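Today I am looking up salt bridges. My notes follow, pair by pair.

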Amino acid sequence: MEEPSTSAASIDPPRTPAVQSLSSSYRRSSSSGGVIYGDRFIPSRSSSNFALFNIPNSNAGSSSDDSHCAYTNLLRSALFGPECVNRGNGFQPLTPDKAVSGGRFASRRSDGNLLWESPPNCNIFKFKTEKRKSLPSLSPFGFDDQIPVCHSAVKAPRKVPRSPYKVLDAPALQDDFYLNLVDWSSHNVLAVGLGNCVYLWHASSSKVVKLCDLGAGDTVCSVGWSPRGTHLAVGSSNGKLQLWDASRCKSIRTIEGHRLRIGALAWSSSLLSSGSRDKSILQHDIRANEDFVSKLNGHKSEVCGLKWSCDNRELASGGNDNKLMVWNQHSTQPILKYSEHTAAVKAISWSPHLHGLLASGGGTVDRCIRFWNTTTNTHLNCIDTGSQVCNLAWSKNVNELVSTHGYSQNQIIVWRYPTMSKLATLTGHTFRVLYLAVSPDGQTIVTGAGDETLRFWNVFPSPKSQNTESDTGASSLGRSQIR
């Protein structure tokens, strides 16, 4: 067999040291100094019949339409690499030439001469195991040079319906910031004070029952359900407190002690707290014969907000003197007193998720929601809402809260705590949104305003699923009347 002549090397292009080093790993020298190739299989494509691929020339005639040419170029690029597009009939796929070595590739032009090129980025006849990346691509063919990206699932933000699922007409619902005329029981019954009467709306059946009529000389100023949902307390404008058995629509007793209207009520087991325009807070044990067991004095103006903490150990009160006070079960003087608000404090709510976390909202001049840690006596945060804060309520299912507002936007805002980012802003009321109650399942709220409507909104998720809708009331979108 004839040894390779020195003239064969004359067609070798100049090699860099890197090329020489690379090529030396694939060959070994014989005793006579010739080059002997190893058993590494490198296919020769020079004799391949690529006409079998049935890929027409992209420049073949004007009769080809543009879409066909585009597809042909795309297919050619996918099979042979982008270097082979638009080269005409003279192109043949790149193949290592036995006459030369060193990792360089050559293709033969139509005149038979070699055209030296670098290895193309193509996969045809490529004997290399490669790990494909399962990535989306605009091309129908998957290339290996795409940039890896993370495809971990991103949780979509929860969507809060922007419209109420039910609207009730509530004639004679008072437009008074200092009153609390709506409350929702643990038995899924809504109590509403309209004028001098109290009505019960059963959410499961939409049935309306008239509970009581205080008479022409009196009006309802507050309503409050007991924790068990069996008894309803009704505060009146003449300073009397009535206790009713809701299931039998029967009055149990009338409690006296206040001299002026009772605008705020709060229950703690069998202990009922009442706040009045006479600036005092009375503690009533409904099991005792006495009208009240203790009297709390601290506010210098009407008491318009009352809330017991979730563990029933602390009572928060807000007044028209712009003060927020915290009392314990046995004190007759406040254990904490906050004076940062610059308007009446009606909106008060304790967090069910963190012990000692208290939220409060100020009136028209103040417009702020403030957060307090009553355990460490610390002011945590202040958010300017831009309008009068009428009510606050925490979700018991997630760490969020809802606020209702008056002058000047009359909106409802759902907040995520502690970032206080807005999840939704709900509008629809044309008067101040003065009343707020949360359904027993924690998913639905009802709001009331001086426009004499009650609107039901699905704002909070269920404990198990954030997509489950509440079934506490009828799903009708129509309007009905509560009396």
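Predicted model: local features only at pLDDT ≥ 70, side-chain atom pairs only at ≥ 80, totals over all residues.

I started with Arg277, which forms a salt bridge with Glu302; their closest N and O atoms are 3.4 Å apart.

Is Glu302 buried or exposed? Glu302 counts as buried, because its relative accessibility is 6% and the cut-off for buried is under 20%. Arg277, at 40%, counts as partly exposed. I also noted a network: salt bridges that share partners join Asp176, Arg261, Arg277 and Glu302.

Then I turned to Arg432 and Asp175. Their side chains meet in a salt bridge, at 3.3 Å from N to O. How many residues apart are they? They are 257 residues apart, so I wrote down both places: Arg432 is in the loop between strand 29 (421-426) and strand 30 (433-438), and Asp175 is in the loop between strand 5 (166-169) and strand 6 (182-184). Arg432 is buried, with a relative accessible area of 11%. Asp175 is partly exposed, at 34%.

My last pair was Asp245 and Arg248. Their side chains meet in a salt bridge at 2.9 Å, N to O. Asp245 is buried, with a relative accessible area of 9%. Arg248 is exposed, at 56%.

Finally, I looked up the total. A search of the whole structure finds 10 salt bridges.

Notes: Residues numbered from 1 in each chain as written. Heavy atoms only, no water. Salt bridge = Lys/Arg side-chain N within 4 Å of Asp/Glu carboxyl O. Helix = DSSP H or I, 4+ residues; strand = E, 2+ residues; numbered from the N terminus. Buried < 20%, exposed > 50% of the residue type's maximum accessible area, 1.4 Å probe, protein only.
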